[in-house]
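Biologist: I am new to this structure. Could you walk me through how to read it, one feature at a time?

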Amino acid sequence: MPKVSVIVPAYNQAKYLKQTLNSVLHQTYNDWECVIVNDGSTDNTAKIAKNYVKKDKRFKYIYQKNKGLAGARNTGIKASQGEYVGFLDSDDLWKPSMLEKTVTFLAGNH
């Protein structure tokens, strides 16, 4: 079971998705899974997401008909296995130490 589940809802975000997923892939903290929820995209979102699934087993891919941002996040939560859940929008980036700093803080403040 991973410590952190990162939920990435994506709807027609092929333009930004590689950068977003790379920001997860290059985290200094490695005990994570990334659940990419394709919320009915009609662009290359699926192709990009599936390439990351092939590249690293910590990435998971889910396709669903469009349910909106909240619906995609809820689907990701249901599929996640981590102790902690974090949300990363498909057009945002995390600095490489984001998960490490967050988990360290949470572990020291139970």
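Biologist: Let us start at the surface. Which residues form a nonpolar patch there?

Modeller: This is a predicted model, so keep that in mind throughout. Ile77, Val85 and Phe87 form the nonpolar patch. Together they have about 230 Å² of accessible area. To join such a patch, a residue needs over 30% relative accessible area. Take Val85, in strand β4. Val85 has a relative accessible area of 38%, so it is partly exposed.

Biologist: Now charges. How should I read a salt bridge?

Modeller: Side chains of opposite charge can pair when their charged atoms come close. Here the cut-off is 4 Å, from a side-chain nitrogen of Lys or Arg to a carboxyl oxygen of Asp or Glu.

Biologist: How many salt bridges does the structure hold?

Modeller: Four. One of them joins the side chains of Lys3 and Glu83, at 3.0 Å from N to O. Lys3 sits in the segment before β1, and Glu83 in the loop between α3 and β4, so this pair ties together parts that are 80 residues apart in sequence.

Biologist: Which residue does Glu33 meet in a salt bridge?

Modeller: Lys60, with 2.7 Å from N to O. Glu33 lies in strand β2 and Lys60 in strand β3, 27 residues apart, so look for distant parts of the chain being linked. Check the burial as well. Glu33 has a relative accessible area of 3%, so it counts as buried. Lys60, at 28%, is partly exposed.

Biologist: And which residue pairs with Asp89?

Modeller: Arg73, again through the side chains, at 2.8 Å from N to O. This pair also links distant parts of the chain. Asp89 is in the loop between β4 and α4, while Arg73 is in helix α3, 16 residues away. Asp89 is partly exposed at 23% relative accessibility. Arg73 is partly exposed at 25%.

Biologist: Next, a loop residue. Where is Arg58 found?

Modeller: In the loop between α2 and β3. Its side chain makes a polar contact of 2.8 Å with the side chain of Asp56. Leaving out residues up to four places away in sequence, Arg58 touches Leu25, Asn30, Trp32, Glu33 and Cys34.

Biologist: What about Thr42?

Modeller: Thr42 is in the loop between β2 and α2. Its relative accessible area is 68%, so Thr42 is exposed. Thr42 and Ala14 are 28 residues apart along the chain, and 9.6 Å separates their C-alpha atoms.

Biologist: Ala14 brings us to helix α1. How do I check the length of a helix?

Modeller: Helix α1 has twelve residues, 14–25. At 1.5 Å a residue it should span 16 Å. Its end C-alpha atoms are 17 Å apart, which agrees.

Biologist: Which residues of α1 are buried?

Modeller: First the general idea. An α-helix has 3.6 residues a turn, so residues three or four places apart point the same way. In α1, the buried residues are Ala14, Leu17, Thr20, Leu21, Ser23, Val24 and Leu25.

Biologist: What covers the buried residues of α1?

Modeller: The cover includes strands β1, β2 and β3, along with helix α2.

Technical notes:
Residues are numbered from 1 along each chain as its sequence is written. This is a predicted model: local features need pLDDT of at least 70, side-chain atom pairs count only at pLDDT 80 or more; totals for chains, interfaces and linings use all residues. Side-chain values use heavy atoms; hydrogens and water are left out. Helices (H or I, at least four residues) and strands (E, at least two) are DSSP runs, numbered from the N terminus. Buried means under 20% relative accessible area, exposed over 50%, partly exposed in between (1.4 Å probe, protein chains only). Patches are made of residues with over 30% relative accessible area and no salt bridge: like charges are joined within 9 Å, nonpolar side chains (Val, Leu, Ile, Met, Phe, Trp, Tyr) within 5 Å. Accessible areas come from the Shrake-Rupley method with a 1.4 Å probe; for residues, only the protein chains shown count as cover. A polar contact is a pair of N or O atoms within 3.5 Å; within protein, one must be able to donate a hydrogen and the other to accept it, and residues adjacent in sequence count only if both atoms are side-chain atoms. Contact means heavy atoms within 4.5 Å. The expected span of a helix is 1.5 Å times one less than its number of residues.
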